[in-house]
Amino acid sequence: MINLFIGNLGHVFVILSFVLSLAAAFSYYRATKIEDVLAKKEWTINGRFLFYFHSFFVVGIVVVLFLIIYNNLFEYHYAYSHASKVLPVHYMISCFWEGQEGSFLLWIFWNCVLGLILIKTNKTWEAPIMVIFAVVQAFLASMILGISFFDIKIGSSPFVLLRDVIVDPIFEINPDFVPSDGTGLNPLLQNYWMVIHPPTLFLGYATTLIPFAYVIAGLWKKEYKNWIKPAVPWAIFSTALMALGQLMGAYWAYETLSFGGYWSWDPVENAVYVPWIIQVASIHTMIIFKKNNTALKTSIILVITTFILILYATFLTRSGILGNASVHSFTDLGLSGQLLIYLLVFTFVAIGLSAKRWNDIPTTEKEVSTYSREFWIFMGATVLGLMGFQVMAGTSIPVYNAILEQFGISSNMAPPADQALFYSKFQIWGAILIAIFSGTGQFFFWRNMDKSKLWNELAIPVLISLVVSTVIFMIAGINKIAYILLLTAGIYSLVANSTILIRLLKKKSFKLAGGSVAHIGIAMMLLGILFSAGYSKVISLNTSGLLFSKDMSDEMNQENVLLFVNEPKTMNEYELTYKGKRIELAGVPGFPSRKLIRKTLDDHTVVAIADYIHEGERVFERGDTLTILPENTYFEVEYKKNGEEAFTLYPRAQVNPNMGLIVSPDIRRLPGKDLYTHISSIPDPETTTEWSDPVTNLVSIGEQFFVNDFVTGIKKIQKIDVVDGVELGIEDVAAEALIEVQVKNRTYELKPIFIIKDKMMGNIPAVEEELGIKISFLNILPQEGKFELATETSQRDYIIMKAIEMPFINVLWIGTLVLMMGFTMAIIRRYKEFKRTA
Amino acid sequence: MKKSHIIGIVVIAIAVFVIISTAGDASTYVTFDEAKGLYESGSGKKVHVVGQLKKDERGEIVGVEPSKDKLTVTFLMVDNNQVANKVFYNKPMPPDLKQSEQVVVIGSYKEDIFYANQILLKCPSKYEEESLQVRAVN
């Protein structure tokens, strides 16, 4: 029976939260406008309670949607398309952000949390900033409203029934039809990083609203300076979370996807990168404003730009305008018009208000000295702005086509053929400058500098970085000028910021150390990226033993290697052996062979047909019933290196009915580098094995013959009394042939069975899938002492894999943690500053 | 001239450079004939061609040939102008190639063969469910 009540309840909550956000916006607007103190207070309290109720219903929507997923109510489209019965509870949370409606809901939820914190912590600015908050909430709630006015659909509700979305004859026969299971969560998202990466990123995204709300409130109330102090800690918090969220995503991509890295300049990644980099610039200009009143206008522009870019990014990734340009693009829910209005309203309001107030905003006319902190920070912000501009210019290519089409001009512009090259060749120069500025800028922390003092300060860091980078340059053989410069600049930034940090620690001014710690983190990340991406080496490249040159065109070089099962192959300094398919069983350690189990009618249940011993312990026995994760297949690949201990990697492939073959790498983490291995291709698991026509062989014991090019022979024939699945009578006879197949470093045993039952001859063939061999024991010819065997062959099991070495990738991950530490220190310091004055 | 003016001019110059280089590096969506024209005129620029795998009268895909060592693949693709051409891809065959509804190849011509550096596949119901997959009826 269809549970209509819960969906209706959810839908009512959505409508209520939408209406309440409008009401809250109106009340807070009145409170901001009205002069009378008493009335102001009343309207503020009114707005506050309306926002409380709004938040209450938002939580209600989240709870209802969770209950629909948790209780497997597959009559609802959202549960059907994002969940399934076997989904563990912690991944049910991930269902929220697999669908677009759910991710809007997450965003609305975070805005509620942030709004409530602001109401609690900042009473002075409450009314004007909450107007902006409530209006944003109304726009976001409208995205999941799911109502129609005169054929205009507003929003896409997460509470629509399956039968209202999908056209299927079954609903005509039985409108109350409920599928027994959902299509499940995308297996790539069934990963712990995917439980925490989206909420972190969305919280960062949501928090960009706070500095924006402050700047708009400041312009509105003509308080041009006071908004900065409360906005700074939030801007830093938002930047930190966006960085953390992006890097979690990068780490997930590195571990789970198989494009051979952690960042691919995909539009969805760029859509976070650009607002992030502009927000980094805005933090710096806001901090110099707090020091000496310069850069106010720049700060206003940057804070507004950050938020508008967030809206633009939302439009890009959710309107379907990117089409095929992105692998992650969400499906188009027909919200593009609504998203465009959202973007344009805030763009025009923000620009209009700034323009109106522009001449009132105080500025300083004095020229900034080259030997001041402001100058270097300002230069850094400019570089960041240009870096963001370049990425936006490239990512927006599909938008230019769409705009030109509006004017009747057909345009066939496509994204650059090599996106990574297009972006990185520009960004690397930005990174070099950022490293230099962030190293140098720190020296102006203390006192006024002049030329000679500056050179005195800089001499040692410059010298150290030149020496260290020359040494690395000699060892690693860096040949690109941009790489040499980035290496030197990165080390310079590291040394310069560490010098400052040590000084601060000596003076025991820990609270001021946030900046230098964060910059050390950035420098480490730049170095980690330089090494792991710039010097990654495909080690499965061209194994023929011929010399190859890096200049050879990519049409000629082979980056993959073909491995037949149990046939070792040399790849650079390694000897590789693919040892067969492995499975994953719930609660079973290691990777047991697929040969140990027999499938049952239930996809998730298997029965053991042999004992499994892992690290000397018997984990399961023949006959045990076990739970399998049927989507996952692992491929055991053994690496051997001369004189060094061998290790084994288990890259994974998932066969998913909706998405085809999905591969994930396995990574061997060595101190100086990661060895990254992924499957590129396997024999199609969907097609059934096609056997060749049988070949009959008459052979005696010990005689050798060939099957699929393998030396094969009968070791012995023995009478058996028990045959699985066959009842043997007194007159009946069964015999088993023990056949040995020699493959380079091991011997396979096949045991076909010959039966005479009720005076009829029969047989049970033996199959070795890995070798593509099927042998049937057809007859015994006692006079000649020979046995009749029929052999059939098919494709041997193989994998095609790619292996990449990523040097010093850990420097990137450690740098990330250092950056986060720096951000945390800075947030605490700036928040205390705000509290002291508030 | 003030320092801020010099910086302003440099920033504008870089911004103009970015716009020009974006326009220059942007690829284009073309047909096989146009791509061939580009090759014959000596341009090595990589382009996007959109199309489908070639099918025979019975609707079966023809012309997909992985190399003997399985490390590369060639296939026949029909572009949106119904022109068929041989495409060479120097990587193992993507497992879902034959299931794809639409293929976008990015690369350039050499002689009569289109060398694809990258293939984008649009597969039916890859990220969405258009029809119901009834597994078992309660």
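This note sets out selected features of the structure in numbered points.

1. Basis of the model. The model is predicted; local features are given at pLDDT of at least 70 and side-chain atom pairs count only at pLDDT 80 or more, while totals for chains, interfaces and linings use all residues. Residues are numbered from 1 along each chain as its sequence is written, and chains are lettered from A and ligands numbered from 1 in the order in which they are written.

2. Chain B overall. Chain B holds 2 helices and 7 strands, the elements being DSSP runs numbered from the N terminus (helices: H or I, at least four residues; strands: E, at least two). Their order from the N terminus is α-β-α-β-β-β-β-β-β. Of its 138 residues, 24% count as buried; a residue is buried if 20 or more other C-beta atoms lie within 10 Å of its own, exposed if 12 or fewer, and partly exposed in between, with C-beta atoms placed from the backbone. Among chain B contacts between residues at least 6 apart in sequence, 48% join residues at least 24 apart, a contact being two C-beta atoms, placed from the backbone, within 7 Å.

3. Helix H11 of chain A. This helix covers residues 209-220, and its end C-alpha atoms are 16 Å apart, in agreement with the 16 Å that its 12 residues should span at 1.5 Å a residue; the expected span is 1.5 Å times one less than the number of residues. In H11(A), 11 of the 12 residues are buried, among them A:Phe212, A:Tyr214 and A:Leu219. The cover over these buried residues includes helix H6 (100-121), helix H10 (192-207) and helix H12 (228-256) of chain A. Just after H11(A), A:Lys222 has a positive phi of about 55°.

4. Two loop residues with positive phi. Most residues other than glycine have a negative phi. A:Asp758 has a positive phi near 50° and lies in the loop between strand S23 (753-757) and strand S24 (760-764) of chain A. A:Asp758 is exposed, because 9 other C-beta atoms lie within 10 Å. In chain B, phi of B:Gln82 is positive, near 65°, and this residue sits in the loop between strand S4 (73-79) and strand S5 (84-89). B:Gln82 is exposed, with 9 other C-beta atoms within 10 Å.

5. A:Leu698. This residue belongs to strand S18 (residues 695-699) of chain A. A:Leu698 is partly exposed, since 14 other C-beta atoms lie within 10 Å. Beyond its neighbours within four places in sequence, A:Leu698 is in contact with A:Lys786 and A:Glu788.
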